[in-house]
Amino acid sequence: MFVIPMKVSCQTVGADIISTVEFNYTGDLLATGDKGGRVVIFQREQESKNRPLSRGEYNVYSTFQSHEPEFDYLKSLEIEEKINKIRWLPQQNAAHFLLSTNDKTIKLWKISERDKRAEGYNLKDEDGRLRDPFRITSLRVPVLMPMDLMVEASPRRIFANAHTYHINSISVNSDHETYLSADDLRINLWHLEITDRSFNIVDIKPANMEELTEVITAAECHPHQCNVFVYSSSKGTIRLCDMRAGALCDRHSKFFEEPEDPSSRSFFSEIISSISDVKFSHSGRYMMTRDYLSVKVWDLNMENRPVETYQVHEYLRSKLCSLYENDCIFDKFECCWNGSDSAIMTGSYNNFFRMFDRNTRRDITLEASRENSKPRAILKPRKVCTGGKRKKDEISVDSLDFNKKILHTAWHPKENVIAVAATNNLYIFQDKIN
Amino acid sequence: MFSKGTKRKFSDGGEELPEEGLPGSNEELSSVSYSLQRQSLLDMSLIKLQLCHMLVEPNLCRSVLIANTVRQIQEEMTHDGSWQAATMMEAFAAASAAGSGAAGPPERLVATEVLCRPGREMNGSPTAEPKLFSVMGYEECREEEVVAVEEDSICSEAASNVCLSGSMGHCWERGMLRGERELDSRLGAPDEDVDVEEEDEEEEDDNELEGCREEGEAKAMRQVFGTFEIKNSHPGPESALEELFSDVDASYYDLDTMLTGMQAAPKIGPYDLLDSLSQSHTPSSLSSASNCRSDLNELDHIMEIIVGS
């Protein structure tokens with residue numbers, strides 16, 4: 001079990017609610033997307049002798065406007081600029097690439113550094129004004145001079161007009177050439193270089209929309225097998241598909257579903273079984289799904305039930321009617337693995353987030369809030385009182401703030417560093433050992 | 001707000017009660033409270049579906065989940081037979097109220113529309129027959145009119161597309177037939193005792209409506225849209241108009257044009273009809289032509305029926 005995290009930094013990213021958080025492959029960069037269509041990238045400070053304590057701090061590296069609000073004239077509807085997902089591409093040269101998507105359009109962004117500039121142009125002044133050709137009496141070779149680091153973000157590809165419904169997932173394939181995008185009813189496969197075409201690989205839209213009872217909620221490519229991907233549904237099922245089987249992967253290769261427990265059946269059973277996130281383990285042998293009350297770990301070789309189930313906030317089961325009324329029951333929580341697949345993390349309400357150690361079966365509840373922790377303070381585990389006498393430091397279920405929800409969390413791919421998004425604040429926690 | 005989630009199977013009703021501390025027969029009371037909870041859940045679900053965000057496209061996943069929940073409740077209510085019990089009780093109450101002369105809560109079909117916006121992804125035209133709880137309202141949300149008419153009215157021109165009702169196909173047909181019967185009888189014999197007729201036909205209606213599940217939706221609609229009720233269901237405005245006009249003298253059209261100076265449109269919609277009728281009622285527009293008298297009397301009668309005294 002990792003040591004109780006020590007908070008390293010808390011950043012207010014902006015005025016808008018953070019809608020996605022993602023580390024890159026090395027963990028040096030952390031990207032956030034928000035409801036206003038902005039992307040903010042943080043970079044980890046390198047160790048330096050001058051500032052030994054600064055190791056591990058993430059500071060703003062780049063900010064840019066990824067998506068703008070649009071208006072669909074045919075439907076008379078606004079298209080939100082909210083960034084639904086960000087996925088990094090593996091780094092191949094000095095520049096960094098990431099995919100960001102809103103409901104309808106995916107964009108490939110290149111983030112590059114510029115720390116030199118050319119000086120001594122012949123045809124223009126240092127100001128940039130053109131020099132009078134007649135005044136030029138000699139030629140010189142421009143020289144590269146160092147300058148303050150500038151990080152530029154430029155859109156390199158725009159993948160548009162391929163989704164009728166709202167995009168909920170994007171996932172880069174292990175071949176590093178293709179990626180998939182999923183909306184409520186369809187999944188498309190793209191080539192990163194080609195923007196005017198995509199292949200539809202899953203289509204669950206019924207011929208008669210009135211018969212629609214199930215939608216796609218999340219999709220992900222397998223981390224190693226570039227022909228395999230999974231997608232989850234609102235009915236609590238996961239389908240694993242093999243692209244070698246056919247052009248259209250409507251028929252799954254594997255179908256994962258846990259049989260329903262008849263004793264806990266209620267009118268809300270289906271809603272709370274809807275899967276909000278699915279993530280492969282780094283090893284590729286397991287996958288994890290998040291539904292409203294629990295996180296389940298599945299062995300890809302066993303389809304009839306998960307191998308592990310973790311209750312996130314079981315005390316909410318008796319409050320489902322109220323949560324249905326205030327729409328909280330439709331909140332889509334994400335989940336994530338740590339680098340070694342030994343622990344998983346997911347969010348809850350009241351700015352709580354939960355971590356589960358798969359080996360020791362221990363779990364911990366922590367809170368991401370400014371009031372309760374000073375910088376570099378050690379976080380105190382929290383506990384929700386479910387009934388009976390409330391102990392000191394416990395919080396009762398009725399006191400939970402359901403407006404403070406942690407939907408997005410991310411775990412550094414190699415170290416025990418986690419990023420937790422709480423409304424418009426980004427919290428970064430790190431192991432005490434560091 | 002409830003402290004417990006609603007249980008689908010009510011086998012353990014006894015266990016739920018001690019918290020609420022209800023006296024009396026546990027089973028009876030708990031089954032009533034379960035029905036109430038279930039009904040309330042149904043109402044809530046229908047309201048959620050009807051409230052479309054006007055600017056941004058509604059979340060399809062959420063809509064589908066709510067729709068499935070409504071379907072579940074409908075199925076269970078039908079299975080329980082509580083649907084049937086509810087309709088019969090209402091009819092009984094209405095009949096006794098009508099008999100006493102008061103306009104009691106009517107046992108009738110309630111039709112109302114989902115007020116939404118047309119969208120690009122419309123699969124075909126708005127269906128006339130409501131299906132088992134459909135997803136039609138999800139993505140497109142069509143704008144369809146709601147017409148308020150008195151409960152005594154026979155002229156129910158309201159567009160009767162109930163997006164959110166259960167499998168109403170057969171109910172709609174019966175309703176239409178009943179509507180025609182009533183319409184003919186009312187127009188042909190205005191002197192008959194309307195109340196008695198209502199009562200008789202209501203009892204007949206109950207038996208026909210056994211399979212219908214509209215009661216829950218009816219209540220939900222009432223909550224959302226107020227008391228928009230029609231006596232009889234009609235499949236569409238045009239056939240209702242035809243029935244309305246079938247017994248009306250053709251000279252009505254001339255009267256209407258003369259009185260209101262309307263440009264005669266080839267088709268008169270339901271609102272035009274009401275407008276023209278109400279206009280024809282204003283004294284200032286009354287013509288002194290004698291051949292209008294009888295027409296006016298008829299108009300008066302029709303107007304009375306539509307608008308109510």
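Of the 309 residues in chain B of this predicted model, 50% count as buried, where buried means under 20% relative accessible area, exposed means over 50%, and partly exposed lies in between, with a 1.4 Å probe and protein chains only. The accessible surface of chain B comes to about 14300 Å², and 55% of that surface belongs to carbon and sulfur atoms; these areas come from the Shrake-Rupley method with a 1.4 Å probe, and for residues only the protein chains shown count as cover. Chain B has 12 helices and zero strands, so that its elements, read from the N terminus on, are α-α-α-α-α-α-α-α-α-α-α-α; helices (H or I, at least four residues) and strands (E, at least two) are DSSP runs, numbered from the N terminus. Among contacts in chain B between residues at least 6 apart in sequence, 78% join residues at least 24 apart, a contact being heavy atoms within 4.5 Å.

Some conventions apply throughout. Residues are numbered from 1 along each chain as its sequence is written, while chains are lettered from A and ligands numbered from 1 in the order in which they are written. Because the model is predicted, local features need pLDDT of at least 70 and side-chain atom pairs count only at pLDDT 80 or more, whereas totals for chains, interfaces and linings use all residues, and side-chain values use heavy atoms, with hydrogens and water left out.In chain A, four strands form an open sheet in the order S20-S21-S22-S23, with antiparallel pairing; two strands pair if DSSP finds at least two bridges between them. The edges are formed by strand S20 (277-280) and strand S23 (308-311) of chain A, each of which pairs on one side only. From one strand to the next the twist averages 15°, with axes taken as lines fitted to C-alpha atoms (for helices over the stretch in contact) and angles running from 0 to 180 degrees between N-to-C directions. Within this sheet, strand S21 (residues 286-290) and strand S22 (residues 294-299) of chain A pair in the antiparallel sense over five bridges, and A:Thr289 has A:Lys296 in S22(A) as its bridge partner.

The loop between S20 and S21 of chain A holds A:Ser281, which counts as buried at 1% relative accessibility. What does the side chain of A:Ser281 make a polar contact with? The partner is the side chain of A:Ser283, at 2.9 Å, and a polar atom of the A:Ser281 side chain also lies 3.5 Å from the backbone nitrogen of A:Arg285. A polar contact is a pair of N or O atoms within 3.5 Å; within protein, one must be able to donate a hydrogen and the other to accept it, and residues adjacent in sequence count only if both atoms are side-chain atoms. Leaving aside residues up to four places away in sequence, A:Ser281 touches A:Pro223, A:Tyr286, A:Met287, A:Trp337 and A:Asp341.

Two asparagines of chain A deserve a look for their backbone angles. A:Asn161 has a positive phi of about 65° although it is not a glycine, and A:Asn161 lies in the loop between strand S11 (143-159) and strand S12 (169-172) of chain A. A:Asn350, also not a glycine, has a positive phi near 60° and is found in the loop between strand S25 (343-347) and strand S26 (352-357) of chain A. Buried or exposed, where do these residues fall? A:Asn161 is exposed, with a relative accessible area of 79%, whereas A:Asn350 counts as buried at 9% relative accessibility.

Over all chains the structure holds 30 salt bridges, each a side-chain nitrogen of Lys or Arg within 4 Å of a carboxyl oxygen of Asp or Glu. One of them joins A:Arg117 to A:Glu119, with the closest N and O atoms 3.2 Å apart; A:Arg117 is partly exposed at 42% relative accessible area, and A:Glu119 is partly exposed at 24%. Another joins A:Asp203 to A:Arg186, with the closest N and O atoms 3.1 Å apart. Because A:Asp203 lies in strand S15 (residues 194-203) and A:Arg186 in strand S14 (residues 186-191) of chain A, the pair ties together parts that are 17 residues apart in sequence. Here A:Asp203 is partly exposed at 24% relative accessibility, while A:Arg186 is buried at 19%.

The side chains of A:Lys405 and A:Asp331 also meet in a salt bridge, at 3.0 Å from N to O. This pair links distant parts of the chain, 74 residues apart, since A:Lys405 is in the loop between strand S29 (394-396) and strand S30 (408-411) of chain A and A:Asp331 is in the loop between helix H2 (320-325) and strand S24 (335-337) of chain A. A:Lys405 counts as partly exposed at 22% relative accessibility, whereas A:Asp331 is buried at 14%.
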